[in-house]
Amino acid sequence: MKTALRAADRSGVLEAARIIRNGGLAAFPTETVYGLGADAANETAVGKIYTVKGRPPDNPLILHICDVSQFYGCTEQTPDYCGALISAVWPGPLTVVALKKNSVPAWGTAGLPTIAIRMPSNETARLLIEYAQTPIYAPSANVSGRPSPTSARHVLQDLDGKIDIILDGGPCACGLESTVIDVSGDLPRVLRPGFITADMIYAKIGFYPETEHPLGKPKSPGMKYAHYAPKAELTVINGSPERAAALINERAGVEEKRVGILATDQTIDMYDKSKYFVLNAGDRSNAELIGANLFAALRAFDDKGVDIIYAEGIADAGVGSAVMDRLKKAAGGRVIEV
Ligand code: TXA
Ligand code: MG
């Protein structure tokens, strides 16, 4: 199958909508990361998502909708605060996990009693769902385990020849996957941190959601798998800019393999670019910016063929918590505090 790369203009979106209606797979931009979409009502098409991504069958998908009535059509017993939350945040980078109606088929939900739903704000994504006239199941459009794609080129790298079309809408604004919040229990619980932070949720509903204990059994099936992993072995170094750069230089200096360094504005001048492949993630105090750059940087290290990556950590608060969640997963737990 040849993959068409199309601009995300009206005719491109119409073509992708036609492909989805006919049971094909279309990758499209959202404000978070690129998604790989199929008609949620078509079991065979949804099955193809799992095949091309190499996704474990017990990992459920997010249903993408363009109208709130589609949320209430699939869910039941949603608490009052849920309505307040989605009316404040949707369309936007928030996924809500709620009890599903029995009428919702099991093929996108991995047999769970719940379903994950989000209404994206990206114009192309919104139009695609509208033109396809069906909700769309869409995981991130990467091969399972790889960093999520934040550009059409990243999708091509992973899925060229395996899917029907990619709509190129340029780089994604957030660059990190949506915040996933579970509203099916007594208290709301953040299953995956993202651009919508616990403080923002507090501001909308008047109380704080619980967060997943880092050592607990994850409630979100996808969180237990290795994730966002570049091919090189990544280590996160947490500490002040000066201390982090000093330790990275010390370790890189005795390393015989090819070293990549994920630096920040605060440290970029502290590394020898003639010896190491150094990328600047941006200003440490701007977690949104670092988040937007992160996945592209991880892929760039792979393109360059480095063997070892040292990445500076940033403050674990606000959107920085989402950045650190992804970095720690990419590092498979290799985190050093200095
Ligand atoms: O920003 C995003 O959310 C992107 C764009 C394309 O919308 N999508 C995305 O999908 O990141 P995916 O499949 O890569 O991640 C979905 C996460 C997984 O960790 C999955 O386990 C979890 O959501 N999830 C889906 N349904 C769930 C459910 N019923 N209960 C708990 N977790 C669920
Ligand atoms: Mg994913």
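**View 1. Strands β12 and β15 pair in the parallel sense over five bridges.** The model shown here and in the other views is predicted. The strands β13 and β15 run parallel and are joined by four bridges.

**View 2. Strand β15 (308-312) is covered on both faces.** On one side lie I308, Y310 and E312, and on the other I309 and A311; all are buried. In a regular strand, side chains alternate between the two faces of the sheet. Five of the five residues of β15 are buried, so the strand is largely enclosed by the rest of the structure.

**View 3. Helix α8 spans residues 241-253.** The helix has 13 residues and reaches 18 Å from its first C-alpha to its last, close to the 18 Å expected at 1.5 Å a residue. Its buried residues are P241, A244, A245, L247, I248 and A252. Seen down the axis of α8, these buried residues fall within an arc of 165°, so they line one face of the helix. An α-helix has 3.6 residues a turn, so residues three or four places apart point the same way. On the other side of α8, the exposed residues are E242, R243, E250 and G253. The cover over the buried residues of α8 includes β12 (233-238), β13 (259-263), β15 (308-312) and β16 (335-337).

**View 4. Eleven strands form an open sheet with mixed pairing.** The strand order is β1-β8-β2-β3-β7-β4-β6-β5-β9-β10-β11. At the edges stand β1 (4-7) and β11 (210-211), each with a single partner strand, so one side of each is left without a neighbour in the sheet. β11 pairs with β10 (residues 189-192) in the parallel sense over two bridges. Within this pair, V190 has T211 of β11 as its bridge partner. Helix α2 (residues 43-53) packs on the sheet and touches β3 (35-39) and β7 (136-137). The direction of α2 makes about 150° with that of β3.

**View 5. The largest nonpolar core has 43 residues.** Those with the most contacts inside this core are L36, F71, W90, V96, Y137 and I163. Two or more residues come from each of β3, α2, α3 (68-74), α4 (80-89), β5 (94-99), β6 (114-118), α6 (152-159) and α7 (198-205). A second, separate core has 26 residues, among them L262, F301, V319 and A330.

Definitions and conventions
Residues are numbered from 1 along each chain as its sequence is written. Chains are lettered from A and ligands numbered from 1 in the order in which they are written. This is a predicted model: local features need pLDDT of at least 70, side-chain atom pairs count only at pLDDT 80 or more; totals for chains, interfaces and linings use all residues. Side-chain values use heavy atoms; hydrogens and water are left out. The expected span of a helix is 1.5 Å times one less than its number of residues. Buried means under 20% relative accessible area, exposed over 50%, partly exposed in between (1.4 Å probe, protein chains only). The arc is that of the directions from the helix axis to the C-beta atoms. Contact means heavy atoms within 4.5 Å. Two strands pair if DSSP finds at least two bridges between them. Axes are lines fitted to C-alpha atoms, for helices over the stretch in contact, and angles run from 0 to 180 degrees between N-to-C directions. A nonpolar core is a set of buried Ala, Val, Leu, Ile, Met, Phe, Trp, Tyr and Cys residues joined through side-chain atoms within 4.5 Å.
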